[in-house]
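Okay, thanks everyone, I'll keep this short. Have a look at the chain on the screen, and then I'll walk you through it.

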Amino acid sequence: MKKIVIASDSFKGSLSSKEVARAAAEGIREALGEEVEIVEVQVADGGEGTSAALAEQLGGEMQTVVVCDPLFRPVEAHYAIVVADGKRTAVMEMAEASGLTLIPTWVRNPI
């Protein structure tokens with residue numbers, strides 16, 4: 001049996017790492033049939049999707065809070081709580097609160 005590992009980052013503003021892996025797995029299964037073992041691994045580069053990927057891989061849990069976005073509007077953001085060696089660690093990513101995807105394209109003007 002063949003084994004394929006799918007470890008993709010998110011596609012900014014469109015798909016999460018988990019959604020990318022799921023879509024790739026569906027395509028691979030369609031092409032190769034069920035005779036392939038597929039392992040889906042969430043990864044992130046420190047930006048969008050990092051807290052969710054770490055929570056998934058380390059067995060953590062996601063928390064939701066209301067924060068201000070770059071235009072000072074209230075938005076829901078998420079962070080992960082992971083436990084390692086008996087210590088709780090919060091994993092926060094700035095993209096949740098101030099990421100580019102929170103700004104409509106017609107407002108994106110650095111000046």
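**A walk through the chain**

Let me start with contacts: among those in the chain with a separation of 6 or more, 48% are between residues 24 or more positions apart. One caveat before I go on: this is a predicted model.

So what's in there? You've got 3 helices and 5 strands, and going along the sequence the pattern reads β-α-β-α-β-β-β-α. The radius of gyration is 17 Å, well over the 13 Å that the globule rule gives for 111 residues, so the chain is more spread out than a compact globule. If you box up the C-alpha atoms along the principal axes, you get roughly 55 × 45 × 20 Å.

Buried residues come to 23% of the 111 in the chain. The chain exposes about 7,600 Å², and carbon and sulfur atoms supply 56% of that. On charges, there are 10 positive and 17 negative ones, and their mean positions sit 3 Å apart.

Let's zoom in on helix 2, residues 50–58. Which residues are buried in helix 2? They're Thr50, Ser51, Ala53 and Ala55. And what do the buried residues of helix 2 pack against? Four strands, as listed here: strand 2 (36–42), strand 3, strand 4 and strand 5. Just past the end of helix 2 comes Gly59, with a positive phi of about 70 degrees.

Is Phe72 buried or exposed? Exposed: its relative accessible area is 70%, and the cut-off for exposed is over 50%. If you want a sense of distance, take Phe72 and Ala25: they're 47 residues apart in sequence, and C-alpha to C-alpha they're 39 Å apart in space.

Last stop, the hairpin. Strand 4 runs over residues 74–84 and strand 5 over 87–91, and the two pair in the antiparallel sense over 5 bridges. Within that pairing, Ile81 stands opposite Ala90 of strand 5. There are 2 residues between the strands of the hairpin, and Asp85, in the turn, has a positive phi of about 55 degrees. And remember that both strand 4 and strand 5 are among the elements that the buried residues of helix 2 pack against.

Note on methods:
Residues are numbered from 1 along each chain as its sequence is written. This is a predicted model: local features need pLDDT of at least 70, side-chain atom pairs count only at pLDDT 80 or more; totals for chains, interfaces and linings use all residues. Side-chain values use heavy atoms; hydrogens and water are left out. The radius of gyration is taken over C-alpha atoms; the globule rule is 2.2 Å times the number of residues to the power 0.38. Buried means under 20% relative accessible area, exposed over 50%, partly exposed in between (1.4 Å probe, protein chains only). Contact means heavy atoms within 4.5 Å. Accessible areas come from the Shrake-Rupley method with a 1.4 Å probe; for residues, only the protein chains shown count as cover. Lys and Arg count as positive and Asp and Glu as negative; His and the chain ends are not counted. The place of a charge is taken as NZ of Lys, CZ of Arg, CG of Asp or CD of Glu. Two strands pair if DSSP finds at least two bridges between them.
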